[in-house]
Amino acid sequence: MLSSLGKFTYNQLDVNPAMKAESLDPFIFITLLIGIPGGNQEKICSIITEGTKEDHHFIVLRQPLGSEELFSANNLQKALQMLSKRGNDPIRVMVIVSAYVEVPEVVAAIVHHPDKLVRQSCHVSSVSTCIDLRNLFISNQTCSQR
């Protein structure tokens, strides 16, 4: 996977194989919605949560309003720590990151959680990058929607 920060391999983001053998079944299923500000992550989140509220309930984690910090791995890890203490019932979590943050940085914050039990209980089930084409610029030209 190539990013603006350099090359990331899946092995760097993966958990230690020896740890997998003794791992618990995950019960925190995480959906990541990542994109630059104006990428409509909030809209997509509400469409997903409203459309599935009969079958699934999501806990939505997002940056606090007015927060100066772009992304805090520490805050995400603290939230996952609290969720892991709720029991072993399946929990669906939607994490919204609306900032200039690389996807591997967010995934690494989850798979490299300092608490082994939290790390083992989490599973990143999907990653979606949200881009509004009206906010995309290439060679000083706005991309048009076709």
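Select S84 and show its surroundings. Beyond its neighbours within four places in sequence, S84 is in contact with F27, I28, V118 and S121 (contact: heavy atoms within 4.5 Å). The model is predicted, so local features need pLDDT of at least 70 and side-chain atom pairs pLDDT 80 or more, while totals for chains, interfaces and linings use all residues. Numbering starts from 1 along each chain as its sequence is written, and side-chain values use heavy atoms, without hydrogens or water.

**Stop 1: S84 and its helix**

Stay on S84. Its relative accessibility is 18%, so S84 counts as buried (buried is under 20% relative accessible area, exposed over 50%, partly exposed in between; 1.4 Å probe, protein chains only). S84 sits in helix α4, residues 73–84 (helices are DSSP runs of H or I with at least four residues, strands runs of E with at least two, numbered from the N terminus).

**Stop 2**

Turn to the strands. Four of them form an open sheet in the order β4-β5-β3-β6, with parallel pairing (two strands pair if DSSP finds at least two bridges between them). At the edges are β4 (58–62) and β6 (122–130), each pairing on one side only. From one strand to the next, the twist averages 20° (axes are lines fitted to C-alpha atoms, for helices over the stretch in contact; angles run from 0 to 180 degrees between N-to-C directions).

Select β3 (residues 28–35) and β5 (residues 91–98). Eight bridges join β3 and β5 in the parallel sense. Pick L33: its bridge partner in β5 is I96.

Next, select residues 103–111. This is helix α5, which lies across β3, β5 and β6 and runs at about 160° to β3.

**Stop 2: helix α3**

Select residues 41–51, helix α3, and colour its buried residues Q41, C45 and T49. Those residues cover an arc of only 60° around the axis, which puts them on the same side of α3. They pack against β3, β4, β5 and β6.

Is I44 buried or partly exposed? I44 has a relative accessible area of 31% and is partly exposed. I44 also lies in α3. Leaving aside neighbours within four places in sequence, I44 is in contact with L33 and C130. Draw a distance from I44 to L33: C-alpha to C-alpha, they are 8.3 Å apart in space, and 11 residues apart in sequence.

**Stop 3: zoom out**

Show the whole protein. There are six helices and eight strands. From the N terminus, the elements run β-β-α-α-β-α-β-α-β-α-α-β-β-β. Buried residues make up 34% of the 146 residues. Of the contacts with a separation of 6 or more, 80% are between residues 24 or more positions apart.

Technical notes. Arc of directions from axis to C-beta.
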